[in-house]
Amino acid sequence: MRKEDTVKLISAEGFEFVISKEAAMVSQTIRNMLTSPGSFAEAQHGEVTFPEISTTILEKICQYFHWSLQYASGKETEFPIEPELTLELMMAANYLHT
């Protein structure tokens with residue numbers, strides 16, 4: 001996979017997740033950052049930093065992006081969410097419009 005086909009998502013603790021741009025585009029917020037005609041630094045560098053999202057939550061979000069692409073065809077399957085992550089994950093999903 002070429003570098004221009006990936007996006008680096010960085011958690012509050014500085015942990016980096018490199019995922020496909022297609023997967024990252026599941027999030028409307030990330031899509032806007034990467035494709036808006038303005039000069040977002042995220043679009044220029046292919047990196048998005050989330051100072052309010054922990055590594056654990058960002059990892060789960062990345063898993064969801066890939067799950068969403070795989071099962072977008074309507075095939076019924078569940079995305080597992082640990083109960084202790086629910087509140088923080090819901091807040092992050094709201095911000096990311098996923």
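## Helix α5

On one side of α5, Leu87, Met90, Met91 and Asn94 are exposed. Exposed means over 50% relative accessible area, buried under 20%, and partly exposed in between, with a 1.4 Å probe and protein chains only. This is a predicted model: local features need pLDDT of at least 70, side-chain atom pairs count only at pLDDT 80 or more, and totals for chains, interfaces and linings use all residues. Residues are numbered from 1 along each chain as its sequence is written, and side-chain values use heavy atoms, with hydrogens and water left out.

Leu89, Ala92 and Leu96 of α5 are buried. Seen down the helix axis, the buried residues of α5 fall within an arc of 65°, so they line one face. The arc is that of the directions from the helix axis to the C-beta atoms. These buried residues pack against α2 and α4. Just after α5, His97 has a positive phi of about 55°. Helices (H or I, at least four residues) and strands (E, at least two) are DSSP runs, numbered from the N terminus.

## How α4 meets α5

Two packed helices are described by the angle between their axes and the distance between the axes. Here the axes of α4 and α5 come within 10 Å and cross at roughly 60°. That makes α4 oblique to α5. Angles under 35 degrees count as roughly parallel, over 145 as roughly antiparallel, 65 to 115 as roughly perpendicular, and the rest as oblique. Axes are lines fitted to C-alpha atoms, for helices over the stretch in contact, and angles run from 0 to 180 degrees between N-to-C directions.

From α4, the contact uses Ile57, Lys60, Ile61 and Phe65. From α5, Glu88, Leu89, Ala92 and Leu96 take part. Contact means heavy atoms within 4.5 Å.

## The nonpolar core

The largest nonpolar core has 22 residues. Leu9, Ile30, Phe50, Ile53, Ile61 and Phe65 touch the most other members. Six elements each supply at least two residues: β1 (6-10), β2 (16-20), α1 (21-24), α2 (28-35), α4 (55-71) and α5 (86-96). α4 gives the most, with five residues. A nonpolar core is a set of buried Ala, Val, Leu, Ile, Met, Phe, Trp, Tyr and Cys residues joined through side-chain atoms within 4.5 Å.

Ile30 touches Leu9, Ala24, Phe50, Phe65 and Leu96, leaving out residues up to four places away in sequence.

## Helix α2

In α2, Thr29, Ile30, Met33 and Leu34 are buried. Down the axis of α2, they fall within an arc of 125°, so they line one face of the helix. Their cover includes β1, α1, α3 (41-45), β3, α4 and α5.

Met25 sits in the loop between α1 and α2. Met25 is buried, at a relative accessible area of 17%. Beyond four places in sequence, Met25 touches Arg31, Leu34 and Thr35. The C-alpha atoms of Met25 and Thr35 are separated by 9.5 Å, at ten residues apart along the chain.

Ser54 lies in the loop between β3 (47-49) and α4. Ser54 is buried, with a relative accessible area of 15%. Setting aside neighbours within four places in sequence, Ser54 contacts Ser11, Glu13 and Glu88. Pro80, in the loop between α4 and α5, is exposed, with a relative accessible area of 54%. Pro80 and Tyr64 are 16 residues apart in sequence and 9.3 Å apart in space, C-alpha to C-alpha.
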